[in-house]
Amino acid sequence: MAKRSGVLCYLLCYLQPKCKISASRKLSLKILLLTRAMEELEAEKAAREEEKVRYLGEKLPPLQFSGLNMDDLQKLCKQIHAKIDVVDEERYDCEAKVIKNNRDINELNLKVQDLGGKFKKPALRKVRVSADEMMRALFGSRNKGSMDLRANLKSVKKEDIKQEKEMNMEVGDWRKNVEAMSGMEGRKKMFDAAGGVQ
């Protein structure tokens, strides 16, 4: 314990800028820390291996096949299968708990981020982009048509406008047209206007 606290004191001095340590002393401290870390890692690894061996010794006692007849071997196989089923159920339950806990952790992280307001709106800047460039950016090369709106407009000639005005003048008041076309005289006028019998 005293040795570890001494290493930590040296490390703290090493991290603080006011403490002056020579380069050789820094190098020796680094080597000391690395060797200490390697020793602790090896000790942890050995402890894990011992725990594994102990656990397997408890859960899986050594099998003895000598002197067993066929019925005893079948009973032993059934017992082993029952133990395998129990272990599979435990494994499945543990996996389900891990998945649920991971999902809960992700949801809580999202809530923390929402509450903390870590999502900052970036400062937007004005960008001049033509309609063609915007369509190309949105749809890629799939958009072959041009977005020149003036080119897509229907061209209207002055003659067309004059013809529409004349037609509107001819139609005039619809009531007069209905009265004029009513009865036999109106039908005769429509027949004559259509070309009549030739």
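Let's start with the lining of the largest pocket, which has 11 nonpolar residues, one polar residue and four charged ones. Keep in mind as you look around that this is a predicted model.

How many residues line the largest pocket, and which of them lie nearest its centre? The lining consists of 16 residues, and K59, L60, K83, I84 and V87 are the ones nearest the centre. Two elements, α2 (23-59) and α3, each give two or more residues to this lining. Helix α3 gives the most, with nine residues. As for the space itself, the largest pocket has a volume of about 490 Å³.

I84 can now guide you to another feature. Together with L63, F65, L68 and I80, I84 forms a nonpolar patch on the surface. The accessible area of these residues together is about 420 Å². Take I80 as an example: you will find I80 in helix α3, which covers residues 70-116. Is I80 buried, partly exposed or exposed? Its relative accessibility is 31%, so I80 counts as partly exposed.

Next, let's turn to charged side chains. Side chains of opposite charge can pair when their charged atoms come close. In the whole structure, a search finds six salt bridges.

Begin in helix α2, where R36 and E40 are four residues apart. Because of that spacing, R36 and E40 are separated by about one helical turn. Their side chains meet in a salt bridge, with a distance of 3.5 Å from N to O. R36 is partly exposed, at 32% relative accessibility, and E40 is partly exposed too, with a relative accessible area of 32%.

Now move to helix α3 and find R91. Which side chains does R91 meet in salt bridges? One partner is D88, at 3.8 Å from N to O. R91 and D88 are three residues apart in helix α3, about one turn of the helix. Another partner is E95, at 3.2 Å from N to O. R91 and E95 also both lie in helix α3, four residues apart, again about one turn.

D88, with 35%, is partly exposed, and E95 counts as partly exposed at 39%.

Technical notes:
Residues numbered from 1 in each chain as written. Predicted model: local features only at pLDDT ≥ 70, side-chain atom pairs only at ≥ 80, totals over all residues. Heavy atoms only, no water. Patch = residues over 30% accessible without salt bridge, like charges linked within 9 Å, V, L, I, M, F, W, Y side chains within 5 Å. Areas by Shrake-Rupley, 256 points an atom, 1.4 Å probe, with all protein chains shown as cover. Salt bridge = Lys/Arg side-chain N within 4 Å of Asp/Glu carboxyl O. Buried < 20%, exposed > 50% of the residue type's maximum accessible area, 1.4 Å probe, protein only. 1 Å grid on protein atoms, 1.4 Å probe; cavity = no way out; pocket = protein on both sides within 12 Å on 5 of 7 lines; lining within 4 Å. Points joined across faces, edges and corners; volume = space filled by probe spheres on them. Nonpolar A, V, L, I, M, F, W, Y, C, P; charged D, E, K, R; others polar.
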